Amino acid sequence: MDEYFEEWSKTEDRATTQKKSLKKRVPKTSCFYFGWFFEESVPYFEIETTSDWSKKELKAYSIQGMELNFNHNRLTLKQKDISTNFVFQKMCVQIIELAQSGKDQDDATREVLTEYIDFFKKGRQTFGPEKQAGLYGELYLLENLLKKFPGKETDILDGWKGPLSSYHDFQFKKGSVEVKTTRGKNPIQVIIGNEKQLNHTGHPALWLNAYSLVEVASGDTLPKIIQRIESMIKSKKRALRRFVQLLSMYIPRDEFQTLERGFNVDKIYWFKISDGFPAITQIPKGIGSISYGLLVNEIKPKYVSNQDKCFAVIDL
């Protein structure tokens, strides 16, 4: 999925540089196009269809955040609200992936649009305490990366994959980091969502970075840490745009100001994942999916690491 977002970002950059709307077929032999409307500064997605789309159907999907148009076997999905830009792009990438699995492109489009229509009607997703704590942990590490590697803001933001539902929250050429948070005190347990998150096979290096958080009214909040990060990268326009786009995967940027839940970081854990680390990396036959709790305060000392060691290897 990441390569599609990169390609769309390149299309946006070219359209901005050339000061005109552009589109590109992606993949090269497919019936899909990534586009960018220069004047309105919004993305669009074009599909070569195999069937007609009625005016009634187009109207049903043309809602507050998105507009559909059909002309000469070309269906165009246009994002109208830039604050949900990345959610729109994620939806379009899912259409491509569903079509690549063997489904007709029109059927794939209708299926994914139906799945996402509630988001664009409401303009937001449910963003409860667990998701807030999880995002805070990722932003805490992101802030430290920006402090450690000044001048590498764009590379750091490009490496932040948490909002894109990738297996690891931060992915760089020399290593990846999976971030976990917990608000429990005893035992200190983090939830591993699938068998891929702690599988280091095929990665140059992989760390688990866990935060034990305490909720306090006077603690650090998402609006505060977001504002600090934006201040750090405000002179880097591409990095700042990327940051806002990634945040919009959760809720529109301005809605973060309403989140008042405060966090204090009580304990920080770093582990270097290697052979023998207590992790489930393969699913037994007959099991569809799996998640499990990892007791971070009971992991053997030989796996314990720290931020400095991780940053020294990542070496942006």
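**Terms and values**

Reply: The largest nonpolar core has 40 residues, and L139, L142, W160, L222, F243 and F256 touch the most other members. Helix α5 (residues 129–148) gives the most to this core, with eight residues. This is a predicted model: local features need pLDDT of at least 70, side-chain atom pairs count only at pLDDT 80 or more, and totals for chains, interfaces and linings use all residues. Residues are numbered from 1 along each chain as its sequence is written, and side-chain values use heavy atoms, with hydrogens and water left out.

Me: What makes a set of residues a nonpolar core?

Reply: The members are buried Ala, Val, Leu, Ile, Met, Phe, Trp, Tyr and Cys residues joined through side-chain atoms within 4.5 Å. A second, separate core of 30 residues includes V87, M91, V112 and L113.

Me: Why is Q89 called buried?

Reply: Buried means under 20% relative accessible area, exposed over 50%, and partly exposed in between (1.4 Å probe, protein chains only). Q89 has 3% relative accessibility, so Q89 counts as buried. Q89 lies in helix α3 (residues 85–100); helices (H or I, at least four residues) and strands (E, at least two) are DSSP runs, numbered from the N terminus.

Me: Which residues is Q89 in contact with, leaving aside neighbours within four places in sequence?

Reply: They are F5, W8, W36 and P43, where contact means heavy atoms within 4.5 Å.

Me: How do you know that C31 is in no disulfide?

Reply: A disulfide is a pair of cysteine sulfur atoms within 2.5 Å. The nearest cysteine sulfur to that of C31 belongs to C92 and is 13 Å away, so C31 is in no disulfide. A search of the whole structure finds zero disulfides.

Me: Are C31 and C92 buried or exposed?

Reply: C31 has a relative accessible area of 14%, so C31 is buried. C92 is at 0% and therefore also counts as buried.

Me: What makes β6 and β10 edge strands?

Reply: Four strands form an open sheet in the order β6-β7-β9-β10, with mixed pairing. Two strands pair if DSSP finds at least two bridges between them. β6 (170–172) and β10 (263–272) each have a single partner strand, so one side of each is left without a neighbour in the sheet.

Me: How do you know that β7 and β9 pair?

Reply: Strand β7 (residues 175–182) and strand β9 (residues 206–220) share seven bridges in the parallel sense. At least two are required, so they pair. In β9, A210 is the bridge partner of K180.
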